[in-house]
Amino acid sequence: MPTVDNASRYSPILDYAVIGDCRSVALISREGSLDWLCWPEFDSPSVFAAVLDANRGGRFSIRPEGPFRAERRYLPDTNTLETVFHAPEGSVALRDLMPVTSEDRKREQLIAEHEILRVIEGVTGEVELRIHYEPRPDYARRAAKLENRGQLGVWCQTGHGVLVLRCDVPLGIDADMRSASVTIRICAGERKTMSLSYSDDGPAVTPAIGAAARQRLEESDAWWRAWTARCTYEGPYRESVVRSLLALKLMCFAPSGAIVAAPTTSLPELIGGVRNWDYRYCWLRDASFTLRALTGLGYEEEAAAYCGWLLHATRLSWPRLQILYGIYGETRVTESTLGHLEGYAGSSPVRIGNGAHSQQQLDVYGEVVDAIARMARSRDFFDGDTVRFLNGIGKTVCDQWREPDSGIWEPRSSPMHYTHSKVLCWVALDRLIDLHETYGLDLDVDRFRTERDAIRVEVERRGYNARIGSYTQTLDGSTLDASLLTLPWYGYIDAAHPRIMSTLKRVGERLGRGGLMYRYDDDTDDGFDPGEGAFGVCGFWAVDCRARGGQLAVATEDFERLLGYANDVGLFAEEIDPETGAALGNFPQAFTHVGVINAALTLAAGSSETAAVGKEVRG
Amino acid sequence: MNIRGTALWGFVATMVLTGLLSASQQVGLTRMNIPFMLGTMTTPDRDRAKLFGFLLHAMNGWIFAVVYAAAFQSWRRATWWLGAAIGLVHGLFVLAVAMPLLPSMHPRMASEEHGPTPTRQLEPPGFLALNYGRRTPVSVLAAHLVYGGIIGAFYRLRG
């Protein structure tokens, strides 16, 4: 368990905000410390990892020397973070971003492929700022040696690449050559820029600073505003929805279209505990929800790229599907631990890679087929390979649905007969039959129909416990699971059906805490000691389920309460401690933000239907 | 001079040299990417720069192969070790003379003395191209030894 000393050296997870360029992200604390960055890609080794080891991990901090108070926001409709430090002698603004720009612009000008810009601007008075740069490449396994190249900045070899820090303040390299620092005074109206870039090509592009850097900031903001302007959502809670959309976009890996579950590893689900996982990969279980979120907000291009990645990645293991893949579709994501890092607030081990990739998880078949069905607009969408792929998936589901699996939550205990997995097998076959009927795909639908109907009989007979009045986590079981609230979402059952209404009630009673929702009972054997927080997305599933069932007022109330658990810049982690409201687990979490978007879309649809009915009645 | 032999083995040797330098970059011996370095003389577009740079590099490889062939013809003998010896001199020339001159020839390269500007942002190679990694000279010399060795081993003297 963490000591007091441990906890005090780490910022609360909710104190972090994220910047990124759709290839990688950086976490920046409320105190201006860049504590997490993996370059050049999400799953590359870290350059800064103070969030996982405050002493060894490395950081790049800019903060007032004395006491201060910080206020933060994202510049409207962008992923540029602005932190304003209020010190007794004045205030200063720090803008952080990873510049992005259009492909046309990249063809016109040499631009660093990976860059973080930190722009300091005095607002009032005169503030003394301490700048400290301490890179620790390769998860702090590699000795960093800084080299001052004068006008060209401070350089640090990272193994395959080089870090270049340029700034218009005289940064001095410390005696040990492992860090650089300076204290400066910033007056109102004065500006300083710092550019940190990475290159694995020689010659490296050394970005210009000063006015040229500020122009990159403006171009980047303009790019984000133009991108956000494509959002078609005009319903309630638009600000939260747009922030979730922007956070989700940061987790899209632009070169392949993949979307990572979260850009961090080993932020603990229990402080001081061992539930620390690497989420810098792509989980198929998120596919259908993510596509609905993207298409629901008008982002067909991103949805198509994601669907393309799904079809590409899964072909490597087809007809069997893994539960997760690397950002380029890698099938082997070997798990190991970093024993030299103490972990966030002493939460060890720190893991890289994810051993869950080898688990059997039957629900992914339903997720993938449902996602493909959502993206299909015409018969032309399906080439011969895709039809063979779908037929193979259908046959695999028919062969395997009677077997136990690890279920959506991938516990590291023995496989079981999870009700949710069986239902998702039903979804896979049901969507395949739909695709055959709509587009005339040549699929083995006779067998699919037989097995689909058999699954429904099995789920209704053994997956619903009449004694407790609820669908249950496992067949013939009596424990509950929040994933059962997604059954109406997939069209398996109407949300107003008595069985789902009573399931919603029972799950809420057993797993709900003030709008938040645990994913399963605390005494469920998942291979670890109990003690995790409420699972972020589950609360939003309950909102969705309730709204679909017609309980719009209660659903809206719950939704508003859940939004209150976001941090000051609108970001959610994987889990939330219901007692303290603290964030737990990897951060920010794509699945939770997808939950925000989908629940808002359902509430908005419910509101417009209610309004339409009202108009008809009044008419 | 054996023009066909020069063209064929010059091309093969250039491809092997490019492959060796690229492999050196992939395994972390050097960051030096010659197609990128040459291509950015003609365009700021990264992708096009790598393509143009590759073509320029191939052209250079052929031109140097003519010099190698001329040396073999004048000595009336061509062996792998003679080719490798010319490759060694060639590699040393590239590292010690051509690389330090590059910032004055390359329109997008900054120099050690003058910091990067919005139009000259590329990192200069420095003495022996050491800025691109401490083992860059080893990679460059090894690649040129192999380049020369291939031409020397397979070139057939004319006349």
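**Notes on the two-chain model**

1. Starting with chain B: for its 159 residues, a compact globule would have a radius of gyration near 15 Å, and the chain comes in at 16 Å, which agrees. Keep in mind throughout that this is a predicted model. The C-alpha trace of chain B spans about 55 × 30 × 30 Å along its principal axes, so have a look at that alongside the globule figure.

2. What is chain B built from? Its secondary structure amounts to five helices and zero strands. Going along the sequence, the pattern reads α-α-α-α-α. As for burial, 43% of the 159 residues of chain B count as buried. Take the contacts within chain B between residues at least 6 apart in sequence: 65% of them join residues at least 24 apart.

3. Next, how the chains meet. On the chain B side, 24 residues are in contact with 21 residues of chain A. Sorted by class, that side of chain B has eleven nonpolar, eight polar and five charged residues.

4. Chain A comes with a domain assignment: domain 1 covers 16–205 and domain 2 covers 238–614. Taken over C-alpha atoms, the centres of domain 1 and domain 2 of chain A are separated by 35 Å.

5. How many residues of each domain take part where the two domains of chain A touch? There are 26 residues of domain 1 in contact with 28 residues of domain 2. On the domain 1 side, β1 (16–20), β2 (25–29), β6 (69–74) and α3 (137–140) of chain A each supply at least two residues. By class, the domain 1 side that touches domain 2 of chain A has 14 nonpolar, three polar and nine charged residues.

6. Why is α6 of chain A, residues 287–296, described as largely enclosed by the rest of the structure? Because nine of its ten residues are buried. The buried ones in α6(A) are Ala287(A), Ser288(A), Phe289(A), Thr290(A), Leu291(A), Arg292(A), Ala293(A), Leu294(A) and Gly296(A). In general, an α-helix has 3.6 residues a turn, so residues three or four places apart point the same way.

7. α6(A) is followed by Gly298(A), whose phi is positive, near 95 degrees.

How values were computed
Residues numbered from 1 in each chain as written. Chains lettered and ligands numbered in written order. Predicted model: local features only at pLDDT ≥ 70, side-chain atom pairs only at ≥ 80, totals over all residues. Contact = placed C-beta atoms within 7 Å. Nonpolar A, V, L, I, M, F, W, Y, C, P; charged D, E, K, R; others polar. Buried ≥ 20, exposed ≤ 12 C-beta atoms within 10 Å, placed from the backbone. Helix = DSSP H or I, 4+ residues; strand = E, 2+ residues; numbered from the N terminus. Rg over C-alpha atoms; globule rule 2.2 N^0.38 Å. Domains from an automatic or database assignment.
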